[in-house]
Structure formats: C-alpha cells, structure tokens
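Colleague: I am new to this one. Can you walk me through it, step by step?

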Amino acid sequence: MSSNKKILILPGDGIGIEVMNEVLNVIDWMTKKKSVSFDIAKKLVGGSAYDIEGDSISDTTMDEALKADAVLFGAVGGPQWDNVERSKRPEAALLRLRKELDLFANLRPAVVFDALANSSPLKSELIKSLDILILRELTSGVYFGQPRGVEKINDFDEKAIDTQSYTTSEIDRIGRVGFDLAKKRSNKVTSVEKSNVMETGMLWRKTITKLHENEFNDVKLNHMLADNCAMQLVRKPKQFDVIVTDNLFGDLLSDVAAMLTGSLGMLPSASLGAINEKGKRPGMYEPVHGSAPDIAGQDKANPLAMIMSFAMMLKYSFDMLEDSKLIEKAIQNVLSKGLRTPDIKQGNEKAISTKEMGAAVIEELNIISGS
Ligand code: IPM
Ligand code: MG
C-alpha cells in the first residue's frame, strides 16, 4: 500500500545530524508500535550538500521537497562555509525551500514545561505555564526584497542595500492565519511592526486593522511596536497569546521567546503554505536552534526541539493529533523525571547526552502507550 505520508528528511549540518538521528528513532517507534506507514527519503542539505553536490540544495532535492507531503529539516551552517558565495551558502538552501514551497506562515510556539520553569534566566513566576505563539511571515520582507546587493561607490566606499517590502495581500494572508490560530487558543493577537518609522510598518498596521474589523472582530487585537515587544517579552511574557509579525522581527523575537522557555534547544517550528490544488498544505518542520557548530559532534545537543518539530508535523500535516500529543506527553514526563541535556541543566545537575535523551523519550513512549 502506498503511504500518503511521504516525508523528506534533511538533517543538514552540525547538530542537525545528531538531533535528526533521535527523531528517526521516534519515527521508527511510531511505525512499529502504531502501525503508521511513513515513506521516508533522506537527502543532503546545507554545507554537507555543498561539499558533495556543489550547492547547498540540489535541484533534485528541491524537487523531492516539492513532491513530499512534509519536510523535516535539521539545521544548516557552520564556520567552514563562511566564505562560500552567498547563493551557495548553507542558509541559501533554507531560504530556497521556504520560498519555493511558499511556506509563508512560520509557527514558533514558546511553551514552558513546568519542570523547566527554573531553567529560564527569567524568574519562574514570570514564565511558569507560559504558552505563546510567534507567527512569523516567512517568504517576504527584507529576506527577499529587491533591490539588494553591494555597489562600489569609490575606492573607499561601498554601499550595501537590503529592501524591506510587503504587499497588502502578503500581510493579509499571514494575518488570517494569526486570527485563526488565536481562535483555537486564548483569542488574542498582538500585531507587531515599526509603524512609527517604517512604511511597511504602516501598511502592516492598516491591513491587520482592516482584516480584524471586517472578519475577525471577535478576536482581541492589539498593536505593538517591535522594540517594545522585545522588552515586553522579557518584562511580562504572559500578556501575549499569538504574536503576528514580519520576517525579520519574527526572527529576532522568536529567539527572545526561546530563551523564556529555558533554552533554544526547546523550540520547535512549523512552516506552512496555503492549501494547494491537490488539497494539501505544504509543510516544513524544523527546530529553531540552528546547527550549533560549537557543540557539534559531541553528543551534547538537546534533541527535544527536533522531536517536537516532528510532533508538529503529525499535527499539522497528517492530522494525527493524538500521536502528536503522545510525543509531547513523553517529553513532559522525561523532563519531570529530571533528565536534562547540558543546555537545560541547572547548577550541579547531571547532564545526559543527545542519544540518552532520545532513548529516554522512546522509553517513555513505551511506558505511556503500555507497550
Ligand atoms: C531562523 C534562522 C534563519 C533565519 C537563518 C539560519 C537563515 O535564524 O530560522 O530563525 O534567519 O531565518
Ligand atoms: Mg533565527
């Protein structure tokens, strides 16, 4: 029987490879214990692909990604590729995937597990039970705006240009996703921009206001300037439910939000497109943490954000809500038992390795599913 769950696995570079190995064990577990059939293909991406295939993502791999039902992405980048030309840099693969799959909606939930309330640099009463969602626009803004480049002005001066641009429809479509998501949560959207200094910020505020008035006035909406939002996230994070923002502000604010949860190693993400003519929504799932070259290859990385990204895939791409919750529950239990990778340990707590954490999640899955 052919599977309708065709997953393309792209481990990438650095710790991406290590954390992906742990998620592959979880996928294996699901296949055996839950009789789900996934159709798995694995390809190179990022620096690893550049070294062997001459580009950070080959056309064949891109094609596979377009044909897959979902893409599971590890992380890309590392200092050894710092001098590679921009279009072939590891990060270029990520941007190409986002753009060609048209994954405009990037969901970055920041959830504080009770057991980790003391791992955050913020006081535990500020972040205990925190559950916020950063919704980042992912296919436009300054990441893709034209013109961009560097011009030589004279022997001394060069001029570098990036362009921040947004259209009404681009803002409208991400706004809709934000309001829809809020309805299933605490019904509150904070729209974040810099309308005090930027043209795109003014259009952003106008478009979200209009959309709210016309179609979503049952959802609570407030507007906030991006610098204030960064401050409010560390001052009083529980005031937020869904934060909707552009590509660059979303990049920055999601790193701030990650630290509220204790570690970047705890933040998963889903990047979703619009439902296509085949009735499918393209999706790519990746941890927010990146390739962490400083700890790569040392079996120290936290695999939980990667495993939670797979749980998001089950939820958003395959409608397997129960199984997605099962994985989250297993992670919650593992943390309650005091198991910690180095990034989330406190003081003299003993740290376990990437592989041990992965194995602990599998063991917990066995316990809670009674197998
Ligand atoms: C992220 C990352 C990427 C981004 C990099 C690796 C290109 O920081 O996904 O947040 O800037 O979008
Ligand atoms: Mg980032």
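Colleague: In β9, which residue is the bridge partner of K188?

Modeller: Keep in mind that this is a predicted model. K188 belongs to strand β8, residues 188-193. Strands β8 and β9 run parallel and are joined by six bridges. In β9, K188 is partnered by K220.

Colleague: Which strands are at the edges of the sheet?

Modeller: The sheet is open and has ten strands, with mixed pairing. Its order is β2-β1-β3-β12-β11-β4-β5-β10-β8-β9. An edge strand pairs on one side only, and that holds for β2 (39-42) and β9 (220-225).

Colleague: What is the average twist from one strand to the next?

Modeller: The sheet is the open one with ten strands. From each strand to the next, its twist averages 20°.

Colleague: What angle does helix α4 make with β12?

Modeller: Helix α4 covers residues 90-100 and packs on the sheet. The strands it touches are β1 (6-12), β3 (70-75), β4 (105-111), β5 (131-137) and β12 (283-287). Between the directions of α4 and β12 the angle is about 150°.

Colleague: And at what angle does helix α7 run to β9?

Modeller: Helix α7 spans residues 199-215. It lies across β5, β8, β9 and β10 (242-245). To β9 it runs at about 175°.

Colleague: Is strand β11 largely enclosed or exposed?

Modeller: Strand β11 covers residues 268-272. P268, A270 and L272 point one way, S269 and S271 the other, and all are buried. Five of the five residues are buried, so β11 is largely enclosed by the rest of the structure.

Colleague: Which residue in β12 does L272 stand opposite?

Modeller: Take the neighbours of β11 in turn. With β4 it runs antiparallel, joined by three bridges, and N106 stands opposite S271. With β12 the pairing is also antiparallel, over five bridges. There, L272 faces G283.

Colleague: What span should helix α10 have?

Modeller: Helix α10 has 13 residues, 304-316. Its end C-alpha atoms are 18 Å apart.

Colleague: How many of the residues of α10 are buried?

Modeller: Among the buried ones are L304, I307, F310 and L314. M306, M308, M312 and M313 are buried too. Helix α10 is largely enclosed by the rest of the structure, because the buried residues number eleven of the 13.

Colleague: Is S119 buried or exposed?

Modeller: S119 sits in the loop between β4 and α5 (124-127). Its relative accessible area is 11%. Buried means under 20%, so the label follows. S119 is buried.

Colleague: Which backbone oxygen does the side chain of S119 reach?

Modeller: Leaving out residues up to four places away in sequence, S119 touches G262, I344 and Q346. The side chain of S119 comes to 3.1 Å from one backbone oxygen, that of I344.

Colleague: How far is an oxygen atom of ligand 1 from an N or O atom in the side chain of Y143?

Modeller: Around ligand 1 are E91, L94, R98, R108, R136, Y143 and D251. A side-chain N or O atom of R108 is 2.8 Å from an oxygen atom of the ligand. R136 also places a polar side-chain atom 2.8 Å from a ligand oxygen. For Y143, the distance is 2.5 Å.

How values were computed: Residues are numbered from 1 along each chain as its sequence is written. Chains are lettered from A and ligands numbered from 1 in the order in which they are written. This is a predicted model: local features need pLDDT of at least 70, side-chain atom pairs count only at pLDDT 80 or more; totals for chains, interfaces and linings use all residues. Side-chain values use heavy atoms; hydrogens and water are left out. Two strands pair if DSSP finds at least two bridges between them. Helices (H or I, at least four residues) and strands (E, at least two) are DSSP runs, numbered from the N terminus. Axes are lines fitted to C-alpha atoms, for helices over the stretch in contact, and angles run from 0 to 180 degrees between N-to-C directions. Contact means heavy atoms within 4.5 Å. The expected span of a helix is 1.5 Å times one less than its number of residues. Buried means under 20% relative accessible area, exposed over 50%, partly exposed in between (1.4 Å probe, protein chains only). A residue is near a molecule or strand if one of its heavy atoms lies within 4 Å of it. A polar contact is a pair of N or O atoms within 3.5 Å; within protein, one must be able to donate a hydrogen and the other to accept it, and residues adjacent in sequence count only if both atoms are side-chain atoms.
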